[in-house]
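Hi,

Here is the structure for you to look over. My notes follow below it.

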Amino acid sequence: MFAYIVRRLVLMLVTLFGISVIIFVLLRVVPGNIVDILFDAAGFVDQADKANLEKELGLDQPIFVQYVKWIGGLLHGDLGYSYVSEKPALQEILPRIPITARLAALALLFSAAIGIPLGVISAVKQGTRLDYALRVVSLSGLSLPSFWLGLLILMASVAMFGTMPIFNPNPATWTEAFAIYCVPAMAVGFRSAALTMRITRSSMLEILRQDYIRTARAKGASESSVNYHHALKNAVLPVITVIGIEAAFLIGGLIVTETVFNIPGVARFLVEAIRWRDYPIVQNLVMLIALVVVVTNFTVDMLYAAIDPRIRYTD
Amino acid sequence: MRSVRALAAVALSLLAASNVAALAAEPKNGGILKVYHRDSPASASIHEEATYSVNIPFMPIFNNLVIYKQDVPQNSMESIVPDLAESWAWSGDRKTLSFKLRQGVKWHDGKPFTSADVKCTFDMLMGKSQQKFRKNPRKSWYSEVVDVTPKGDFEVAFNLTRPQPSMLALLASGYTPVYPCHVSPGDMRTKPVGTGPFKFVEFKANESIKITRNPDYWKKGLPHLDGIEYTIITNRSTAILGFISGQFDMTFPTEVSIPLLKDVKKQAPKAVCVVEPVNVSTNIIVNSSSPPFDNIDIRRAMALALDRKAFVSILFEGQADIGGTMLPAPGGLWAMPKEMLETIPGYGPDINANREEARKLMAKAGYGPGKHLAVKVATRNIPIYRDPAIILIDQLKSIHIDGELDVVETANWFSKVARKDYALGLNLTGNAVDDPDQSFFENYSCGSERNYTNYCNKDIEKMFDEQSAETDVAKRKKLVWEIDKKLQEDVARPIIYHGRMGSCWQPYVKGITIMVNSSYNGYRYEDVWMDK
């Protein structure tokens, strides 16, 4: 087990190195840099001023030198400066992480709290009206684009309450704080909940047909004990995988929700940074997201072993 | 009947009296004006940017030497009033413009304002100082300025190579604030210091911009507001819903499209909304240095094929203006009369006749129903560019030109245009000042960086200088009309239309004036107050 963990950790470092090279090169392959965009916004270009600015930002140096400087700085905790705001990249990125993390955590919580029980109910009541109704709900959750759902919620909120839950860094009341995080979390979590529900249902259906379930019933175990103690415990592995993937996705994939609800989180900031070709912000944010993804994957793999004793990582 | 008339007269007089009373109401102090902002500006430095996304939030931090009177909707020489300058005077030969400066004015950091600050600002704009702007998009405005010379601490003179009456207009623009000598251009991009009615508090990219009341403002009793908060909301639907729900006191000025304005009026019937010209023209850029548009017949045929009214009707529900380079009347001051405009090929009312003539020109160039001309129509990948480009492609079909839309990301648009990597393009041109000098020299002068098409006509160039030096307004106007007509006939950069946009605010917001011939100059907001 120890050797496996070490191997995985080394693999994680290799993966992160690979991502750093890919993102660094890709960013520079895309036509246009921050200097082009700044002059484009001004509607003119002065070649001398442009060259000066490129020199000032270090964009005139060979790509390898730029990469080494970035990685060197990263290893020392120096993420560089944002080209646009001219503030340290760390100072720009750090305040946004808790916002997105809070939103993603709430969305996941909503997804698990709704998706798993409904998935179990749907499987247990297979073929009933309730099952059909829940399947329609889950299908609609997967089909509705989250920007549309978000806008619909905002419009309904304005029409019904005369206000809407857009982001406010200093909410005045508890209810406002609840609304500005929970409503967007529900909008984005609806899709995750639908996915979780479908995975839970299919996994449960497979488990419920196993011999040991029949044996449990034959031994007189109660229906709820069979469903929740024997079946769900074994059906939950694929659900954890899905939740893990969703968790990783949500860190960088909340762009639409953050835009519609005007939440100044990581995803929206990343898209803006890409638009401006703000390399220090984009590179470091992508590395952060990559780190979250590999750590989440690692955690999920470790959870497998903890939850299912049949799984053992041997040398 | 008499009594009904009398009653109506009384009612009217009461209504008029109540309006006068409302207009004359004593402004109330206090309150934070909440406005949504359409995007996150590149920086806070007005001098380094070329978008009103910067002017709007940061203009209240500064003062100019002179400024367009903020409650007069039409910018003109008559509406220019003193600001940091107490007065100004032209020399006898009209080649020196002197300003007497206000004394006792302090920068927001407490340092005194003097003529050295004026010199610093304009030396930087002319590229003469040690300190440099990263970008200097309006350097060409000062091409006729030889130098700026202080005379003592509170007098300064602009020495010009030749008379240029428009210099005063350029100095009155929202794009011409005076910067402090002691603050670097870098700091002005991130934490600007001014002498204006509001002080900078913070600028969080993609989040918000906050400014607060300057208690030591040199105009006693102003500003009325405690501060202004701009929340950056890039999603237009969210922003409009925020205004409708009352979370914002005002929309981003001149940013509400005509269809959206209908929505706002329906859902927030008490909101005050206006639609005004923005002095931004939508035009066609033609690469006349390579085939097929090096052929003047094809360029003229294209100009003849335009149905401008269709553009205006589809995109603005009729609420936009048709004209030449200069903004059409009544908003614009320099537009040629309608009867003169209609003599220009392509501007006549009979579209079918125009297109018939265009087809003849195309036939002369070798194109007809059997042989179409295939071109790519390049434009930026933004709706206000893309939508008219699609209509243009449709209209060009009528003269056997098959256009294909070539959408270009913003990051690559200017470099593509600069290296002439296009045949035909659809472009937007904003004018900060409704004055021919700004428009002609910037967009049509030989060698100008913003003359994207490289149009160069030495005869017209002479006329540019002639009108620029002309001090008699009536004579200057006639020259301007002649130049504008010639530019359209040469198909230098065919103008399709001049757009209009809407602005809305809640009924308790007072003192907002939307300018009708520029969307860059009316955001000082020291007179704005809230009646709540």
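The cover over the buried residues of α1 in chain A includes α4 (63-75) and α14 (279-307) of chain A. Those buried residues (under 20% relative accessible area, 1.4 Å probe, protein chains only) are A:Y4, A:R8, A:M12, A:L16, A:S20, A:I23, A:F24 and A:L27. An α-helix has 3.6 residues a turn, so residues three or four places apart point the same way. Helix α1 (residues 2-29) of chain A has 28 residues and spans 41 Å from first C-alpha to last, close to the 40 Å expected at 1.5 Å a residue. Helices here are DSSP runs of H or I, at least four residues, and strands are E runs of at least two, numbered from the N terminus.

This is a predicted model: local features need pLDDT of at least 70, side-chain atom pairs need 80 or more, and totals for chains, interfaces and linings use all residues. Residues are numbered from 1 along each chain as written, chains are lettered from A and ligands numbered from 1 in written order, and side-chain values use heavy atoms, without hydrogens and water.

Now the interface. 36 residues of chain B contact 40 of chain A (heavy atoms within 4.5 Å). The two chains bury about 3500 Å², 53% of it on carbon and sulfur atoms (accessible area lost on being put together, 1.4 Å probe, summed over both). B:R134, B:K135 and B:N206 supply 20% of chain B's share, more than any other three residues.

There are 3 salt bridges between the chains (Lys or Arg side-chain nitrogen within 4 Å of an Asp or Glu carboxyl oxygen). B:R134 forms a salt bridge with A:E86, with the closest N and O atoms 3.7 Å apart.

Best regards

Key
Expected span 1.5 Å × (residues − 1). Buried < 20%, exposed > 50% of the residue type's maximum accessible area, 1.4 Å probe, protein only.
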